[in-house]
Amino acid sequence: MKKKNFLCFILILFFTTTLTSCFNFSFRTEADPSTFNDYTKELLIPIIGNDEFTNHFLFKNPENYGLPKKGNIDLPAPSKITKFDKILINGLFYELYNYDYKDLNFDQQMTYNVLTNLVDSINNKTEKMAYLDNNFLGSYLGYQAQLPILLNEYKFYDEDDIMNYLELLNLIPLAFTKYVEFEEEKAYNGYGMPDFVIDKVIDQCNDFLNNIENHFLIQTFEDRIKGITLETCSEDFLIELHHEIITNEVAEGFEIIRDRLPKLYGQAKNNLGLAHYDIGKEYYTYLFQNETGYDIKIEKAIAYIEEKLTENYLELREIINSNPNITNIVKNTSLMTITPKEQIEAYKTLINKNFPKLKNFPNINIKYVDKSMEEHFSPAAYLTSPIDYLDEQFIYLNEAQIKDDYNYLYSTLAHEGLPGHLYQDVYFKSQDVNLIRKILKNSGYTEGWATYTEMYSLSLVEEKNRIVADYLLNENEFYGALQCRLDMGIHYEGWDLDDVLTFINKYLEGYTQEKAQQILEQIIEVPTNPQIYFFTYFKILDMRNRVETALGNKFNELEFHKTILDCGPVPLKYVEIVIDDYIKDNK
């Protein structure tokens, strides 16, 4: 798929090392609800740990939240959940279950939901499932692929931050060694990385190492340290030191991956989906439920998506049949005729009436990924800002993948910017809610919301372009549903290339085996990725349709959006409950 939030990737890595649970205590005492907020404050450090790299992205001033100014200088490492981990975490969260849910206010209930869902999720994950995780090394969502952008966005507020950053750079060889060793362990246990993924990871490393002397991290460092008060080192010294570390230690880390991964060629016992592993279907079910935020059987999810696929296919065919020239019209129509920065500014006005206003509007910066990363980077991405510093926001665009497709860019800027990721993140972080709710995020909610706003942006076009917008909306929904169904077929039902091609050809004539192979490989590498975007989008759209049907003329679009946003990035199963209550209260 096309978009992925960076910080959730880092959080997943350290949550799996910090949080696990599985135990049952029989004796409980009822806790005073007035102590709930104090209790959750005590959970903050155990939940996020004392990791400088992660905390620096979460907070500008961590000391204001009871965290040390400088955490442990370390980089995330692969991990497996053990039974001992689960016993420890159960002790940490033991008191949570003493609170009566009915006695808590809305914010506390949502915090309770987030925490219990986290405990249940990790409780259901077995140690063996770590071998099937895809959040380690990968072609475009892997740790080594994401790290350069994260390093480039590591903020320098003072000289200490620069020193911390340089220390982190020195740790890259050790961190990457751990990732390679874990891939070797996975292969030894029968869960090796497919050869086509190894090829892509090696290509990505080679792209990073190409012309390392002029790498973009080196080029941007000089500007990043300007204006910082330096007491112990001069700018020239830091620039020279940074250059040396990038060309030696950092380069060494990428060389370790590039040189050691080829030894795993041919060791993958399965080059197809999760269903072909002994625990594959069990793991896919766990992953699907965890990522989408719904406790649903896959068979039921398949039926749901097939219904959406049929609906959107018929609607798309109706549009094409009523206007046979529609594809040429779309090709020759541009929904966006201004710059990305100007389009973001335009969205401020376009969404003003139907989305709640932000308390303070941030300065939004548009950046382009370096050419060395274009081939192995998403078309666009929003980098979440520190919780206590919302003034500056950043959206990355991949010029090579967006090219001149301004219709795609039009809706992508809505997805990443307004009223998508950036807007939702800033809106919720500006609310007076439990801090834990601003840290623990369900990707199904965040990507479902961003995809909903991406589709919503097509309703904002000028009337003269309505036919183009309608076509693009139905086309996006159709292909989204198709990808979701293929994901379930490949990872739960065990589809191979022939199955994929046969299914696609039911809807699209003349689809080649080569194109089907590309889709198969992409879905194999990142299980449930289409579900995070489109299964959740369809669910949010269902909620909207349910509210509109129930309230009729009383339906208020702004209030509906506010209700979703005020829930925060929780699993959507909890949002559905809030929406049902909203309908009851407003009939």
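Let's start at helix α25, residues 557-567. Its buried residues are E557, F560, H561, T563, I564, L565 and C567. One caveat before going on: this is a predicted model.

What do the buried residues of α25 pack against? The partners are α5, α18, α19, α20, α24 and α26. For orientation, α18 covers 421-429, α19 covers 435-439 and α20 covers 443-456. Then α24 covers 529-551 and α26 covers 572-586.

Now the two ends of α25. N556 caps the N-terminal end. A side-chain oxygen of N556 lies 3.0 Å from the backbone nitrogen of L558. After the helix comes G568, with a positive phi near 80°.

Next, D487. This residue sits in helix α21, residues 466-491. Buried or exposed? D487 is buried, with a relative accessible area of 0%.

Which residues does D487 touch, beyond its neighbours within four places in sequence? The contacts are Y284, Y492, I523, V526, P527, T528, N529, P530 and Q531. Look at Y284 in particular. Y284 and D487 are 203 residues apart in sequence. In space, their C-alpha atoms are 10.0 Å apart.

In one, a polar atom of the D487 side chain lies 3.0 Å from the backbone nitrogen of T528. In the other, the side chains of D487 and Q531 meet at 3.0 Å.

That brings us to T528 itself. T528 lies in the loop between α23, residues 513-525, and α24. Its phi is positive, near 70°, and T528 is not a glycine. T528 counts as buried, at 1% relative accessibility.

Where is N211? In the loop between α9, residues 195-209, and α10, residues 216-225. N211 counts as partly exposed, at 46% relative accessibility.

One more backbone item. The peptide bond from L418 to P419 is cis, with omega near 0°. P419 is placed in the loop between α17, residues 406-416, and α18. Recall that α18 is among the helices that the buried residues of α25 pack against.

On to the aromatics. How many aromatic pairs does the model hold? The count is 45. Take Y39 and Y99. Their rings are 5.8 Å apart, centre to centre, with 35° between the planes. That makes the pair tilted. Y39 lies in helix α2, residues 36-48, and Y99 in the loop between α4 and α5, so the pair ties together parts 60 residues apart in sequence. Both Y39 and Y99 are buried.

A second pair: W495 and F503. Here the ring centres are 5.2 Å apart and the planes are at 45°, so this pair is tilted. W495 counts as buried at 12% relative accessibility. F503 counts as buried at 7%.

There is also a cluster linked by ring pairs. Its members are Y131, F136, Y143, F176, Y179, F182, Y191, F208, F254 and Y277.

Charges over rings come next. R485 lies over the face of F503, 5.7 Å from the ring centre. So F503 has W495 as a ring partner and R485 over its face. K281 lies over the face of Y492, 4.6 Å from the ring centre. Y492 is one of the contacts of D487.

Last, the strands. Strand β2 is residues 380-383. Which way do its side chains point? A380 and Y382 go one way, A381 and L383 the other. In a regular strand the side chains alternate between the two faces of the sheet. These four residues of β2 are buried.

β2 is joined to strand β3, residues 392-397, by 4 bridges. The two strands run antiparallel. Opposite A380 stands L397 in β3.

How values were computed: Residues numbered from 1 in each chain as written. Heavy atoms only, no water. Phe/Tyr/Trp six-rings, centres within 6.5 Å; stacked < 30°, edge-to-face > 60°. Buried < 20%, exposed > 50% of the residue type's maximum accessible area, 1.4 Å probe, protein only. Lys NZ or Arg CZ within 6 Å of the ring centre and 35° of its normal. Pairing = 2+ DSSP bridges. Contact = heavy atoms within 4.5 Å. Polar contact = N/O pair within 3.5 Å; in protein donor to acceptor, adjacent residues only side chain to side chain.
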